[in-house]
Amino acid sequence: MRFVDEFRDAQLGQVLATEILGAVEAGRHYKVMEVCGGHTHSIYKYGVDDLLPANVELVHGPGCPVCVIPMGRVDDGIAIAEEPGVIFTCFGDMMRVPGSRGSLLEAKARGADIRMVYSPLDALRIAKQNPEREVVFFAIGFETTAPSTALTVKRARAEGVRNFSCMCNHVTIVPPLRALLDSPDLRLDGFIGPGHVSTVVGARPFEFIPADYGKPVVIAGFEPLDILHAIRMILAQLSDGRCEVENQYKRVVPWEGNPRALEAMAEVFELRPHFEWRGLGFISQSGLKLSDAYAEQDAELRFSVPGVRVADPKACQCGEVLKGVIKPWECKVFGTACTPERPIGTCMVSSEGACAAYYNFGRFAREKEVV
Amino acid sequence: MTAPNTAPPAGREEKILGIIETARGKRAKFRDEHVNMAHGAGGKATQGMIEGLFVPAFASPGLEQLGDAGALSVDGAELAMTTDSFVVKPIRFPGGSIGDLAVNGTVNDLAVSGAQPLALSLSLILEEGLPADDLRREVEAIAAAARAAGVEIITGDTKVVERGHADSMYICTTGLGRRDPRATLSPQGLRPGDRVLLSGSVGEHGTAIMLARDEFELDAEIESDTRSLWPVADALLGAAGEWLHCMRDATRGGVASVLNELARASGVALLVREAAVPVHPAVAGASEILGIDPMYVANEGKLVAFVAPERADEALAALRAVPGCEDAAEIGEVRADPPGMVLVETSFGGKRVMDQLVGDPLPRIC
């Protein structure tokens, strides 16, 4: 496939792997966090970590929008979905995320009309086709997906679709990164910056990471060569003693981001004072809700939601796994009470989560080290 | 909070991985309060329902095998029996229809069990209001597919349910076949060293259905690969005989799910070379856009065969000689370790685990 295969060239991958091997200092252990779940996915899909030396470790960050939704929000979503006459729509991977009374998939089996959509516009189409029903879109994601929700909400208003509303769970990337970096026990040497988010927000919002915390950031694309290239660039910064934001994904990410997308977001959303993240707790100014101007399309105002905060299970140590303080298997409940079939914490929820990946692939990873 | 740099006892990681291995090896349980769509997806939830509910309840040695067809002997005649239901939506799609699937799906379960399909039963569940022309067209499709597969339809049943209680039509077929004496096939038959053969390119049926639903506004010329696999199975039996250890048709959950099931059943590891797996460019393109791995997408006319190295080349040559199987390929091999796992050498040069499907990417494809 043209314009795709070029970025998956195995020979170039070997060249980069050799360069990375040459760039690491013997005896030093490097921990690099890929912030975005999309990177985690590519790393597994192509076996990128298999090409890295044993002392370069990739830590999976908080950037999986599905994993970070806390139990209480899932419960609220289910409460809306179970209202009579409601068609509840969400992305497919949200269906399995457990709340305190099970997942949306289980609520669907109990009788709620919950439908998987691929875009918020699909939800709007369902609303137009079912004018006698209330259609709610469960919006999730970072700045990557927030603009498409914003445009859909605007379009619904412009077209006078009154039976469409949105339960907004959009989050922003900078506050959780700051929360991670503020943690005294953080053990990370650098960040692979989120490529998709950066297409919207640009590179500038990440400048605080080198400036305030002294860690390099390289914004990267999602093809395996992009990721290896970004790791190579981070290692180069570390060995040169440089510390800055670099943009590996120039073919897509402009330094200033996408002003039109940011404008649409600013019109439709406003910051919540705080938002809860599964595994990370409350982070101030990290979540978005519909702005006052769009309040009538806010599902949380249109329906009564319990809004009860459900604490993460005590034994769960996702926060420490995310910070790279402990390995998944060092968590007290890993593999016993917390498994991919019955996850407790965020890192076990999605197959991209650090714990789920370790649960499924850990034995294999161990063998690699023996070889 | 764990103190940093306090290395836990070296044995603890081993112990925890050991617990996980034991848990994985155990028979899956059925603990859900309601049936949900994942129970029909062919992944972990389906497995839990089959192994945790059906197998213990029926406690029959034939079922324990969990093959595509059950074996029985009647006065010296070695027979195989299988059954399948079809609920595909939409009922017609590029390359076929529910009627084609209803014949070929059941015929193929017999074929990959090493049994020559002989006869089918046909049960129809029809929704009130179904246009008679739709019914007529599907009956014709069933008749044509049965002729092409060389099976007779010898009995049947029809039920009609109220509008809204079924989605136009559901079909159930049961097939009877004669087990071929040239090989003894079993899901437990995989041996380290066996080569993994695939009868053609993957993911066409699932992709065709996905695009036929018009949910993606994508257009591509992809047709379902629905066909009878008996000629393919027959060619493999002829070329490899006793060296042929197992065959499976890669339907729901795709090639990845079949490989996982068999690695578990046989207690072996499978190594797949991604670059060797044939994928139609249009399927590769659609999968790329939709973020789906074609290895998990359903096929309705592709099988995976496990052949001892002694006859692998002959088997592959025989496979490629079957019309429609020109793209057949050797995609990997059976290894001893780590048992129950499917590993992939990616085209990019890394290695990873090809895991069992947990969720349901696409319901009602067959």
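Predicted model: local features only at pLDDT ≥ 70, side-chain atom pairs only at ≥ 80, totals over all residues.
I kept local features only at pLDDT of at least 70 and side-chain atom pairs only at pLDDT 80 or more, while totals for chains, interfaces and linings use all residues. Residues are numbered from 1 along each chain as its sequence is written, chains are lettered from A in the order in which they are written, and side-chain values use heavy atoms, without hydrogens and water.

**Sheet in chain A.** I started with an open sheet of five strands, which pair in parallel in the order 2-1-7-8-9. Strands here are DSSP E runs of at least two residues, helices are H or I runs of at least four, and both are numbered from the N terminus; two strands pair if DSSP finds at least two bridges between them. At the edges I found strand 2 (56-63) and strand 9 (245-247) of chain A, each pairing on one side only. Ignoring direction, neighbouring strands are turned by 25 degrees against each other on average. Axes are lines fitted to C-alpha atoms, for helices over the stretch in contact, with angles from 0 to 180 degrees between N-to-C directions.

I then checked strand 1 (residues 30-36) of chain A: six bridges join it to strand 2 of chain A in the parallel sense. K31(A) has E57(A) as its bridge partner in strand 2 of chain A. Helix 2 (residues 37-46) of chain A lies across strand 1, strand 2 and strand 7 (190-193) of chain A, at about 115 degrees to strand 1 of chain A.

**Cores.** A nonpolar core is a set of buried Ala, Val, Leu, Ile, Met, Phe, Trp, Tyr and Cys residues joined through side-chain atoms within 4.5 Å; buried means under 20% relative accessible area (1.4 Å probe, protein chains only). The largest core has 83 residues, and F191(A) is among the members that touch the most others. Strand 5 (residues 134-141) of chain A gives the largest share of this core, six residues. Apart from that core lies another of 27 residues, including V255(B) and A329(B).

I also looked up what F191(A) contacts (heavy atoms within 4.5 Å). Beyond four places in sequence, its partners include M33(A), V35(A), K215(A) and I234(A).

**Chain B overall.** I counted ten helices and 14 strands in chain B. The C-alpha trace spans about 75 × 50 × 45 Å along its principal axes. Buried residues make up 51% of the 366 in chain B. Among contacts in chain B between residues at least 6 apart in sequence, 83% join residues at least 24 apart.

Key. Buried < 20%, exposed > 50% of the residue type's maximum accessible area, 1.4 Å probe, protein only.
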